[in-house]
Amino acid sequence: MGSSQSQVRLRRALTMTDYFMLSFTGMVGSGWLFAALGAAGAMGPASLLSWVIAGIFFIFMIFPFAELGGLFPFSGSLARYNHYSHGVISNYLLAWAYTLGAITTVSVEAVAIVEYASYYVPQFWNSTLGVLTPLGLVVAAALILLFFAIQLIGVNIYGWFNRIITAWKILIPGLTIILLIALYFHPDYVIGKLPGGFAPYGYSAVFAGMITTGIVWAYQGFRQGLEYAGEGKNPQRDVPLGSILALIAAIVLYILLEVAFIGAVNWEAAGVKPGDWQDLASSSWQAHPFASEAMATGIPILMGLAILLLIDAAVSPAAH
């Protein structure tokens with residue numbers, strides 16, 4: 001069939017490790033930098049439950065997609081499966097929706113980089129309105145063009161480059177978790193001993209907040225490995241295994257990040273009443289949550305971590 005023949009021109013260079021890293025990188029972009037504060041602001045400590053529940057939902061979702069990625073190893077595969085099950089018209093509409101989603105992702109990651117950069121270039125961000133300034137928009141547009149150029153490099157070089165980026169994405173969040181928990185951690189915050197308790201906004205917020213706070217956004221990046229299914233050495237084995245392992249690793253990482261963030265809030269330094277998670281989410285921490293939290297501790301090692309986080313704010317979204 002024509003769609004199968006079109007895959008012959010693609011270089012089959014990716015391994016299971018590459019598929020793991022592609023999926024993991026897709027899930028750990030700007031999401032880890034912002035979602036912890038957003039989730040805490042909407043749910044309080046109960047946000048931990050939201051990460052767990054959403055992760056379980058995505059595990060059930062990823063199994064059929066991962067299996068299809070092995071059976072039909074086509075690049076851009078998520079936009080093509082519908083062709084076989086529902087026909088040309090349905091797939092045409094779905095492919096356009098998927099294309100718009102992919103374009104939006106690039107824009108969101110560019111905005112995330114500029115937003116975090118406003119920590120040291122305040123001219124990029126309007127803190128009153130919570131939007132980019134005209135200068136920030138110009139920089140974000142330039143980043144989008146840069147991302148496009150990177151995609152033209154080619155899958156063989158990109159796969160090698162992505163291994164380095166994924167190692168960075170494991171190192172920096174992991175270091176953040178370890179240092180925050182080891183040096184400035186209040187377990188009482190995590191178990192809900194602040195005013196309002198464990199679920200200050202009710203348990204319904206655990207489900208409603210999955211979409212509004214970036215939790216679903218973070219997990220849906222698993223599809224990135226499937227998009228390169230037609231460029232693997234052994235896609236029947238490597239695509240399902242790499243994608244599923246990446247999702248499990250991302251679930252563990254995000255839960256630990258949320259624990260570390262909730263337990264390391266310096267309420268006095270943030271200028272927020274203890275337990276007022278919504279006010280914290282709309283405070284000056286909004287544009288750069290983990291960096292602001294690390295600086296607020298006043299601990300030299302954590303203040304040094306804040307510098308690494310500001311660097312990561314450019315690396316993680318750029319490699320998404």
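1. Phe58 counts as buried, because its relative accessibility is 6%, where buried means under 20% relative accessible area, exposed means over 50%, and partly exposed lies in between, as found with a 1.4 Å probe on protein chains only. This is a predicted model, in which local features need pLDDT of at least 70 and side-chain atom pairs count only at pLDDT 80 or more, while totals for chains, interfaces and linings use all residues. Residues are numbered from 1 along each chain as its sequence is written, and side-chain values use heavy atoms, with hydrogens and water left out.

2. Rings of Phe, Tyr and Trp (for Trp, the six-membered ring) pair if their centres lie within 6.5 Å, and planes under 30 degrees apart count as stacked, over 60 as edge-to-face and the rest as tilted. By this rule there are ten aromatic pairs. One of them joins Phe58 and Tyr219, which form a tilted pair with 5.6 Å from centre to centre and 55° between the planes. Phe58 belongs to helix α4 (residues 47-71) and Tyr219 to helix α11 (residues 215-219), so this pair ties together parts that are 161 residues apart in sequence; helices here are DSSP runs (H or I, at least four residues), as strands are (E, at least two), numbered from the N terminus. Both Phe58 and Tyr219 are buried.

3. Phe58 also pairs with Phe222, and because the ring centres are 6.1 Å apart and the planes lie at 75°, the pair is edge-to-face. This pair links distant parts of the chain, since Phe58 is in helix α4 and Phe222 is in the loop between α11 and α12 (223-227), 164 residues apart. Phe222, at 3% relative accessibility, counts as buried. Trp51, Phe58, Tyr219, Phe222 and Tyr254 form one aromatic cluster.

4. A search of the whole structure finds one salt bridge, a term for a side-chain nitrogen of Lys or Arg within 4 Å of a carboxyl oxygen of Asp or Glu. The partners are Asp238 and Arg237, whose closest N and O atoms are 2.7 Å apart. Asp238 counts as buried at 2% relative accessibility, whereas Arg237 is exposed, with a relative accessible area of 52%.

5. Helix α13 (residues 235-263) and helix α16 (residues 289-296) pack with their axes 10 Å apart and at an angle of about 40°. Axes are lines fitted to C-alpha atoms, for helices over the stretch in contact, and angles run from 0 to 180 degrees between N-to-C directions. Leu257, Ala260 and Phe261 in α13 meet Pro289, Phe290 and Glu293 in α16, contact meaning heavy atoms within 4.5 Å.
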